[in-house]
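The following exercises are to be worked with the sequence and the coordinates at hand. Each task is followed by a solution in steps.

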Amino acid sequence: MDQSTPDGGLEIPQTLPLLPIRDAVVFPSMILPLFVGRDVSIQAIEAALQGDRLVALITQRCPEVEEPQPEDLFEVGTVGMVMRMIRLPDGRLKVLVQGLSKLRVRHVLRTEPYIEAEVEELAAESGAEWSVEAEALVRSVREKVEELLPLKQLPPEILSVTSSVDDPSRLADLVASNLRLRIEEAQEVLEILDPLDRLRKIDSLLRRELAVSNMQAEILTQAREEMTRSQREAFLREQLRTIQAELGESEERAGEIEELRHKIETVGMPDEARKEADRQLTRLERMHPDSSETQVVRTYLEWMVDLPWSARSDDQLNLDHAREVLERDHAYLHKVKERILEFLAVRKLRGSDMGKGPILCLVGPPGVGKSSLGRALAGAMGREFVSMSLGGVRDEAEIRGHRRTYVGAMPGRIIQAMRQAGTMNPVFMLDEIDKLGADYRGDPAAAMLEVLDPAQNGHFRDHYLNVPFDLSQVLFFATANLTDPIPRALFDRMEVIQLPGYTPEEKEVIASRYLVARQVKECGLTDKGIKISRATLREVITRYTQESGVRNLEREIGRMLRKVARRIAEGEAESVSITLRNLRSYLGPPPVLDEGIPRRNEVGLARGLAWTATGGEVLVIEASMVRGRGLTLTGHLGDVMRESGQAAMSYVRGRAEQLGIQQSISRHEIHVHVPAGATPKDGPSAGVTMATAITSLLTGIPVRSNVAMTGEVTLRGRVLPVGGVREKALAALRRGITRVIVPEANRHDLDEIPPELARKIEFLFVRSMDEVLEVALTEPLVPGSGRRPSRPRPHASS
């Protein structure tokens, strides 16, 4: 079946069998093996073999088309001669064809049983005349083929063939058939008839292939160098293992790795945390044990396996037991105890479907038991207890931690406390949350938003861990002295419970039930060796301390008992009884706690009531008049309190005639001072007190010494409600003041005052300054007209 290739004088018939080719473009003079499997293609080969062995080789536009139609084929192809055919066992044919010349399909004559088409031979392209451009293109193509030969792994014989071919047309076809171009590019070259244009296209393609091949070679070289470096490191590492094995060091490191792996598998991490821990453990295995990065990764893994990813405490939901624990450790504080029992009741009814727990914030003066309540709650529920003081925290990283890129990076205090707790559901005390600060390192209060938001803290992300950590099961318990410094967004995330100060009677019960017993134990005494009467405790409470809590009271009791312990240790006595008679020998004379509170009626001096972070206080407001103009306010006053003084002064000026003021206010300067100038003071509740002091000064009528007052004043003389009435009333009672002027709108606040104390105070409810002045001044006001204006009497309650 062999037949020699005909020369260029071979005549091409007008009709030829057409063989569609999927993934190749045949060029003239190109010899190509083909596997023929489609029926129409097999029939076309057999038809060619029965004739002159010629077939039209046309490339498909889309190789995926299984049964190509005329529109699926390119128009320009190559006349090919079937040089050899072998029939394979599976029915396919393996044929060897050689391209002879180019042709164009004019139209398809039939498609069954094979495709037959009328073709037009494209004129054989004779060698182009010699020119400088042609010679330059031929040399350029030869040089690029020579450069591309080692990079593209082209057949070695192509170099000798191209060096012997001078015809631009044959050189272009020869190079194109060996470049392994894409179908579209090869077809484009085939359809270019002008030899120089075709050679220019080949030169452009060679430049592109050369650039791509150089880049591939560079990448391959880098990869080979990297592989060589890795192999060298692996070899050296294997040698190091051998040396360590000889020294007995490898077993220790292997044991450490296996221990970390075992902890990672058993600690119960979620998927994301487990993947990160496994990845870091793999890095640790590959690192040199003495490198600095090894220590960083080891510390990170130790933090990951020490955290309580799945450990939980079983809640004790016995309400009777919880009530017993709370009553045993704390007296009074009924609101907080009720809220805790409500939480336990809901937890008991819902069972495992608890959802989001409450975030409680206890607000009250120091020493009332806010912080110790958290520990009592943990004991009542059977949970672990951890505490974190937020006072003075100014760096956001203390909450969220530092990223591991920093030297000495550590997790934030939230994660540290969780590791200390050892469970996922501890009682977490956030102490002094109102003392959070902010500076250039960030705002810790903003970082706390994620911690205290039930919708977000289920996937809290510490910067050091960089994986989510579940805080949704933690019972957060915050404490604060004031709510004003807490940012509004943080305040809204907490359930605030106000804790008032203790009354003297409550302090007496707390001292006898808790404080004395605790200090007796602290001083190494026994109940038989010391006896303190209730009257003695009452004297210490009223004469030696002035506070809303019991912190100073416990301190004074401890001071007494230490002196008793010394007497017993020195053998002076076996038991000691402290009474009112010998109290001074233990505590000395009572301090002057009511300094600055005059006990007589004076002109221009009024007693106001204030509410501070430490509870209620009595403020003495003094007013004096000198030559000059305007109003001067001193005493370390805040902006709101200064504005209240200006409003009070404007009220007095506007009603000078009705108030019976005969002097010309415009010719005098009024100076209002609030003693204890080192203590900051602010708020609107001193407005009525300032107005009373100024009115007393200008009218010359003294203010009653047994009357204290609170309330905000307007320019028209209306008295507006204020806060902290309970604490203010208790402060007045501590100072021996029995009559308190309160705005009418605060009448409902008396429900918070214990009845036994409310009976000791006469509350006077007022709506206007006229009512205040009628009660506070020792004499009635006489208007300038000589007729006393009619005023409603204030409503008294005792």
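Helices (H or I, at least four residues) and strands (E, at least two) are DSSP runs, numbered from the N terminus. The model is predicted: local features need pLDDT of at least 70, side-chain atom pairs count only at pLDDT 80 or more, and totals for chains, interfaces and linings use all residues. Residues are numbered from 1 along each chain as its sequence is written, and side-chain values use heavy atoms, with hydrogens and water left out.

**Exercise 1. Characterise the protein chain as a whole.**

Step 1. The secondary structure of the protein chain comprises 25 helices and 25 strands.

Step 2. The protein chain has 798 residues, of which 48% count as buried.

Step 3. Among contacts with a separation of 6 or more, 74% are between residues 24 or more positions apart.

**Exercise 2. Which residues touch the most other members of the largest nonpolar core?**

Step 1. A nonpolar core is a set of buried Ala, Val, Leu, Ile, Met, Phe, Trp, Tyr and Cys residues joined through side-chain atoms within 4.5 Å.

Step 2. The largest such core has 56 residues, and the members that touch the most others are Phe428, Ile433 and Leu452. Helix α9 (residues 292–306) gives the most to this core, namely six residues.

Step 3. Leaving aside neighbours within four places in sequence, the contacts of isoleucine 433 include Cys361, Leu390, Leu452, Ala478 and Ile486.

Step 4. Another core, of 54 residues, lies apart from this one; Ala331, Leu333, Cys523 and Leu587 are among its members.

**Exercise 3. Determine how two pairs of helices pack.**

Step 1. Axes are lines fitted to C-alpha atoms, for helices over the stretch in contact, and angles run from 0 to 180 degrees between N-to-C directions. Angles under 35 degrees count as roughly parallel, over 145 as roughly antiparallel, 65 to 115 as roughly perpendicular and the rest as oblique.

Step 2. Helix α10 (residues 319–329) and helix α12 (residues 370–381) have axes that come within 8 Å and cross at roughly 150°. The two helices are therefore roughly antiparallel. On the α10 side the contact includes His321, Val325 and Asp329, and on the α12 side Ala376 and Gly379.

Step 3. The axes of α21 and helix α22 (residues 687–699) lie 8 Å apart at an angle of about 40°, so this pair is oblique. Among the residues that meet are Met641, Gly645 and Tyr651 in α21 and Gly687, Met690 and Ile694 in α22.

**Exercise 4. Where do the cis peptide bond and the positive phi values of two non-glycine residues lie?**

Step 1. Most residues other than glycine have a negative phi, and most peptide bonds are trans.

Step 2. The peptide bond between glutamate 112 and proline 113 is cis, with omega about -5°. Proline 113 belongs to the loop between β5 (93–110) and β6 (116–121).

Step 3. Serine 29 has a phi of about 75° and sits in the loop between β1 (15–21) and β2 (31–36).

Step 4. Asparagine 466 has a phi of about 60°. Asparagine 466 is in the loop between β10 (460–461) and β11 (468–469) and is partly exposed, at 45% relative accessible area.

How values were computed: Buried < 20%, exposed > 50% of the residue type's maximum accessible area, 1.4 Å probe, protein only. Contact = heavy atoms within 4.5 Å.
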